Amino acid sequence: MTEAKPVKDNKHTIYICQGTGCVSGKSIEITEALSRAVTEMGLTGVKIDFTGCHGFCEQGPIGIVEPEGIFYTHVAVADVPEIVASHLRDGKPVERLYYKDPVTGQAIMYHKDIKFYSMQQRIILRNIGHINPERIEDYIATGGYESLRKVLKGMTPEQVIDELKRSGLRGRGGAGFSTGTKWEFCHNAKGDQKYMICNADEGDPGAFMDRSTMEGDPLTVIEGMTIAAYAIGASEGYIYIRAEYPLAVKRVRLALKQAEAKGFLGKNIMGSNFSLNIHVKEGAGAFVCGEETALMASIEGKRGMPRSRPPFPATSGLWGKPTTINNVKSLATVPVIIARGADWYAGIGTEKSKGTCVFALTGKIANSGLIEVPMGIQLRKIIYEIGGGIPGDKKFKAVQTGGPSGGCLPENYLDQSVDYESLTAAGSMMGSGGMVVMDEETCMVDVARYFLSFTQAESCGKCVPCRVGTKQMLDILERICRGEGRPEDTDLLQKLGEQIKAGSLCALGQTAPNPVLTTLRYFRDEYKAHIEEKRCPAKVCPRLISFYILPDKCQGCGICARECPAVAIVGGKRMVHVINQDKCVKCGTCLDVCPARFGAIVKVSGETIDVPAEPIPIKAEKPKASA
Amino acid sequence: MVTLAKDNLTKADVQDKLKEIFSHYTGDRQELIPVLQETQEKFRYLPAAAMREIARFLHIPESTVYGVSTFYAQFKLTPLGKKIIRMCRGTACHVRGAGKVLAEMEKQLGIKAGETTNDMEYTLETVACIGACALAPTMTIDNETYGKMTPKKVAEVLGDRSKAS
C-alpha cells in the first residue's frame, strides 16, 4: 500500500470520483489516463487520487482539483490532455468542464458554490468525495476513530446509550425507531453471546445511499458499528451486504482488514478489554432480506422469510441470541454524535425527527444524485433548489418518497416538511430515502402498477394477504393500464390495499399497497380516465395511445421510417408517411426523431386522427430554413 | 416452477471443484449460502449433482438446499449464456422509459427476461437497480454499462445477431 502524501507537498491533487455511477462513465480509465499524462509531461507535485461517490451522479464522471476545489463535470478520457496541460501544468482551469447551473445557465467554478452542494448539510456523507476510501490513513486524518477512542477510554456502555438517546437519532432504515432505545433493550437483555448486525441490504430500486456510503467511506460505518457493539456488549458482528454491490463488498472487506491491522478491531481494541470481530455476509438477491428477521434467517443460511415479533431481535435474534440490527446510515452517524455531542445533533432537524436524512434524488429532475439535508426541510426546496427543478419546462406532477413501498405526493404537498411523522401522515413514508420526481409525462396508474409489480415479485410468499393480495391488485392495475378497467376497480383496489396492510406480517406487505392507495387518493381522476374514457392522460400506457403522422406537416424525409424499430412506417420520397397502427409498438422513436421544425408526428390518447391510409404525395410547404 | 438443469453432470464431474470449495468451510449449515455462491461462481450455475453433494457436506436435506437455491434470485439452476445482459428496472429507469427498451431487447433476442438464447450466447435478466440512476435507462452486459438507452440503441449494443439461431 502506498502511503498518503500530505496534500501540502503537492501543488495539485486531482480526485476522480470512483462511485458506481462515475465508474460506468469510465472514471477508472480517466484516472489511469491522468496518471499517464502527468508522467509523460514530467509534472512533479501533482497527485492523482480517487474518492467515493460525490453524489452528483448526473454530472459524472466528476473530478475535483484541490486545494482550490475546482469542480469538473462530465469528464471524458479525451479531456485528460487538456486538464493536465492547461490546468495542472499551466495553472489555467478548463472552463468548458465547469458545472452549469440548470436555472441560470451560469458556469460555476468551485464545488462550494454549486447550489446542489451548498444547500446540503452533510453529516453521514461528510467524508465521501473527500477521502480515498481504500486508505485508512485518510479516514484517520479526518478525525476517524477519535470517537471510538473517546468511548473506550472514558465512557461506560450506559453512557454511550444515554448519549444516543439524547441525540434523538432514529433508525435510518425507514422505521424510525430510537437507536439508543434499541441498543438499551439489547444491552439489558440477558445472554452469554450478543450480536451486532449492520443492515446493508439496500434493495429499493432508485436508492443507492447505503451503497455510496460503503463505497465512499466504509470506515465510518465500521467505527459506528464498533461503538454500537461496545454499547450492547456484542463480541461478534455481521455486515450483510447485497451481492449486487461488488464494489461495496470489496471496499468494506478492505476496510475491515485495515482496521484490524491498526488494532481497531479484533482482540482488546485500543488496549481496552473490549473485543470484536466483524464478518461480511453477502446477500443473494432477495428484497425481503432487508427486513430484520428475514435478514437474520439469511445469515443463518435459511430462506430469508420474516417471522412474527415478539420476540424482538433484542432478546432473541441471530441464533436465538440478543441482537441489534442497524442501518448503514444510522451507524455512519454514530461517530459524529459521539464526537460532537448529543446536544449538537439534537439541535438539527425538527422536534421529533432529529438530524439529517439522505435521499437519492432521481427521476424527472435536473440534478439527479445523492443529497443530505436537515430533517424538516420542505420538499419544494429539495426539488427546486437542490434538484434544480424539472428539465425541459415540464410540469411537476408528483414526488414519490420511501422507495417502492412509499407514496406519491402531489403538488400541494410540496411545502410539506420532510420528517417521519409528516410523510407518514400524508400516506407516504421516509423509508430508506428514495425520492423520485415525476412530471406531467408520468402516468400515475402506470407508476402504481410498476411499484406493485416490484413488491409483488419480491413477496416471500409467507403471508396470504401479501402473496395473493398483491397479485390480485397487480392484475387489476394491469387490466386498467390495458384499457380494460371496470367501474368497480378503484373501490376494489382500495379495499384490497387496506386489507393487505392490515393482514401482513412484515413491513413489505404492510407497505406494498402504499403507492396504489396514495395515487388513488391524490390522482383518482387519472384512474377514472383510464377506466371510463379508456384514455391515459399522460400518454404513457401503450395500449391507450397512438401515434399519427400529420399529412399537412410531413415532409417525406423518411427519418421516422428508417428509425422505426418495428418497421411500421411506410412512405417514400416526397410522400406523406403513414404509421401502420397494427404494427406500431408505441415506442415513440418516430416522435423523437422527427425534426422539430417539421413537428409532423403526434401522440394522442382517447382520440383518433384522420390520416390517409396509404402514403400520398406531400402537399406541405417546406418550412423556412431556420437555425 | 423452477426445474433443475438437464445436464448430465455426475458426482465424479463436480467432485474436484467442490472439494476445493469445501476446503474453505467447516461443514456447518449456516455456510449454505456462501457455499452456493462459490459453487455458482465455479460452474456459472448450480448443477443438481453439486447441490446433492452440498447437502451431504452440510448435513442437511437436499430439499433444504433446493429450497434456499430457489428462494434467492442470485441462484441459477440452469446454465447461463456466455454474456449476461442485465436490464435495470429501477424507478428512475422506469420513468425514463426502461420498459420499452426491455421489450425491444426481448424481441431482438427472441427470449423473455430470465431466459437464455438457444445459442447460449446471452442470458437476459432484469435487476432492481444498478445504482447508476443518472444514466437512466441503463443496462449492463457483463461488466460494461450502457447508459441512456433507447429501443433503437438495442440493436447497436447487440451487434449483428442475424447468424444466431
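Residues are numbered from 1 along each chain as its sequence is written, while chains are lettered from A and ligands numbered from 1 in the order in which they are written. Local features need pLDDT of at least 70, side-chain atom pairs count only at pLDDT 80 or more, and totals for chains, interfaces and linings use all residues; side-chain values use heavy atoms, with hydrogens and water left out.

**View 1. Chain A as a whole.** Chain A holds 24 helices and 19 strands. Helices (H or I, at least four residues) and strands (E, at least two) are DSSP runs, numbered from the N terminus. The radius of gyration of chain A is 27 Å, close to the 25 Å that the globule rule gives for 627 residues, so chain A is as compact as a globular protein of that length. This radius is taken over C-alpha atoms, and the globule rule is 2.2 Å times the number of residues to the power 0.38. Along the principal axes, the C-alpha atoms of chain A fill a box of roughly 90 × 70 × 40 Å.

View 2. The pLDDT is the predictor's confidence in each residue, from 0 to 100. Chain A averages 92, and 97% of its residues score at least 70. Over residues 1-9 of chain A, pLDDT stays under 50. The model has 11 contacts beyond four places in sequence for this stretch. Contact means heavy atoms within 4.5 Å. Where pLDDT is low, the predicted coordinates should not be read in detail.

**View 3. Chain B.** Chain B has 7 helices and 4 strands. Its pattern along the sequence is α-α-α-α-β-α-α-β-β-β-α. The C-alpha trace of chain B spans about 50 × 35 × 30 Å along its principal axes. Its mean pLDDT is 88, and 94% of its residues reach 70 or more.

**View 4. Where chain A meets chain B.** The predictor gives the complex an ipTM of 0.86 and a pTM of 0.90. Chain A brings 55 residues to the contact, and chain B brings 37 residues. About 3,500 Å² is buried between the two chains, and carbon and sulfur atoms give 55% of it. Which three residues supply more of the area that chain A buries against chain B than any other three? They are A:Ala284, A:Arg303 and A:Tyr450, with 17%. Buried area is the accessible area (1.4 Å probe) that two parts lose on being put together, summed over both.

**View 5. Polar links across the interface.** The rule finds 20 residue pairs in polar contact between chain A and chain B, both residues at pLDDT 80 or more. A polar contact is a pair of N or O atoms within 3.5 Å; within protein, one must be able to donate a hydrogen and the other to accept it, and residues adjacent in sequence count only if both atoms are side-chain atoms. On the side of chain A that touches chain B, α17(A) gives the largest share, 6 residues. That side divides into 23 nonpolar, 16 polar and 16 charged residues. Here Ala, Val, Leu, Ile, Met, Phe, Trp, Tyr, Cys and Pro count as nonpolar, Asp, Glu, Lys and Arg as charged, and the others, Gly among them, as polar.

**View 6. Salt bridges.** A salt bridge is a side-chain nitrogen of Lys or Arg within 4 Å of a carboxyl oxygen of Asp or Glu. Across the interface the rule finds 1. There, A:Glu58 pairs with B:Arg96, the closest N and O atoms being 3.8 Å apart. Within chain A, A:Glu134 pairs with A:Arg251, with 3.0 Å between the closest N and O atoms. This pair links distant parts of the chain, 117 residues apart. A:Glu134 lies in the loop between α4 and α5, and A:Arg251 in helix α11.

View 7. Most residues other than glycine have a negative phi, and most peptide bonds are trans. The bond from A:Arg309 to A:Pro310 is cis, with omega near 0°. Another cis peptide bond joins A:Pro310 and A:Pro311. A:Pro310 lies in the loop between α12 and β10. A:Tyr145 is not a glycine, yet has a positive phi of about 70°. Its place is the loop between α5 and α6.
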